[in-house]
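The stops below are given in the order in which to select them.

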Amino acid sequence: KEPAPTKRSAPSVPKLLLVSNFREAKNHAFACRLLSRLRDTLAFTATFVGQVIDPQFMEGIHKQIREQKLDDIVKVVHDCDDVQGIIGEYDLAIHTAYQESGPLVLIEYLAQQLPFVAYKTGEVATQLHAVIPDFFMENFEVQHWIDRIEGLLSRGDQYKDSMKAAFDAMYSDQVYVGKCIGIYSRMITNGQ
């Protein structure tokens, strides 16, 4: 019989965050499998935050949490209206959706310099992957995600400067206003 893996923990137990509404494409089932395996090597807590879009799917996720004995470390929150207000409480976010158009939550993580591990899907993921490729996964191999999560947690604040620079360059108020002015200028020029 193999000995149980030794659990590692930083001085304080890392807190993980997953923000996604509860429906199939958000892939909470993979997140549960991932966290079940991750706890073999890392002490942590996790919070799933999202509105219930598909109640039957949500029931299945609650069942999976119970069956995988994650209920002592995974909290599910359905009534959070201010995700920005809680992001600062966490050490790392995960985003396991396999299909997205955004995902806009990655911009929220970037704005608050919360490192994350996300499946590379959607326009925002494509944009950010070019700047911070360490945050993105191209598969759903559990061990690859575990290695990336543990790696990012061990590097602490190493990514804060690059995250701030990426946000300022791509998504800040000044960039948005500049894009709007550019569109307006083109409309005026084309209208004459």
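Is Lys69 buried or exposed? Select Lys69: with a relative accessible area of 58%, this residue is exposed (buried means under 20% relative accessible area, exposed over 50%, partly exposed in between, with a 1.4 Å probe and protein chains only). The model is predicted, so local features need pLDDT of at least 70 and side-chain atom pairs count only at pLDDT 80 or more, while totals for chains, interfaces and linings use all residues. Residues are numbered from 1 along each chain as its sequence is written, and side-chain values use heavy atoms, with hydrogens and water left out.

**Backbone in the loops**

Stay on Lys69, in the loop between α2 and β3. Helices (H or I, at least four residues) and strands (E, at least two) are DSSP runs, numbered from the N terminus. The phi of Lys69 is near 55°, a positive value in a residue other than glycine. Move to Gln113, in the loop between α4 and β5 (116-119). Gln113 is not a glycine either, and its phi is positive at about 55°. Next, select Gly102 and Pro103, which are joined by a cis peptide bond with omega about -15°. Pro103 belongs to the loop between β4 and α4. Most residues other than glycine have a negative phi, and most peptide bonds are trans.

**Helix α1**

Select residues 28-38, helix α1. Of its 11 residues, 8 are buried, so α1 is largely enclosed by the rest of the structure. The buried residues are His28, Phe30, Ala31, Cys32, Leu34, Leu35, Ser36 and Leu38. To see what they pack against, show β1 (15-19), β2 (45-49), α2 (55-67), β3 (74-77), β4 (92-95) and α6 (142-154). Contact here means heavy atoms within 4.5 Å.

Zoom in on Ser36, which counts as buried at 18% relative accessibility. Leaving aside residues up to four places away in sequence, Ser36 touches Gln68 and Leu70.

Cys32 is buried at 0% relative accessibility, and Cys80 is buried at 18%. A search of the whole structure for disulfides (a pair of cysteine sulfur atoms within 2.5 Å) finds 0.

Go to Tyr109 in helix α4 (residues 105-111). Tyr109 is buried, at 0% relative accessibility. What does Tyr109 touch, not counting residues up to four places away in sequence? Its contacts are Leu17, Leu18, Val19, Ile87, Ala93, Ile94, Leu114, Phe116 and Met163.

**Second largest pocket**

Finish with Val19, Ser20, Asn21, Val105 and Glu108, which lie nearest the centre of the second largest pocket among its 15 lining residues. A pocket is an open set of points on a 1 Å grid over the protein atoms alone, where a 1.4 Å probe fits, with protein on both sides within 12 Å along at least five of seven lines; lining residues have an atom within 4 Å of a point. The volume is about 240 Å³, meaning the space filled by probe spheres set on the points. The lining divides into 7 nonpolar, 5 polar and 3 charged residues.

Note on methods:
Nonpolar A, V, L, I, M, F, W, Y, C, P; charged D, E, K, R; others polar.
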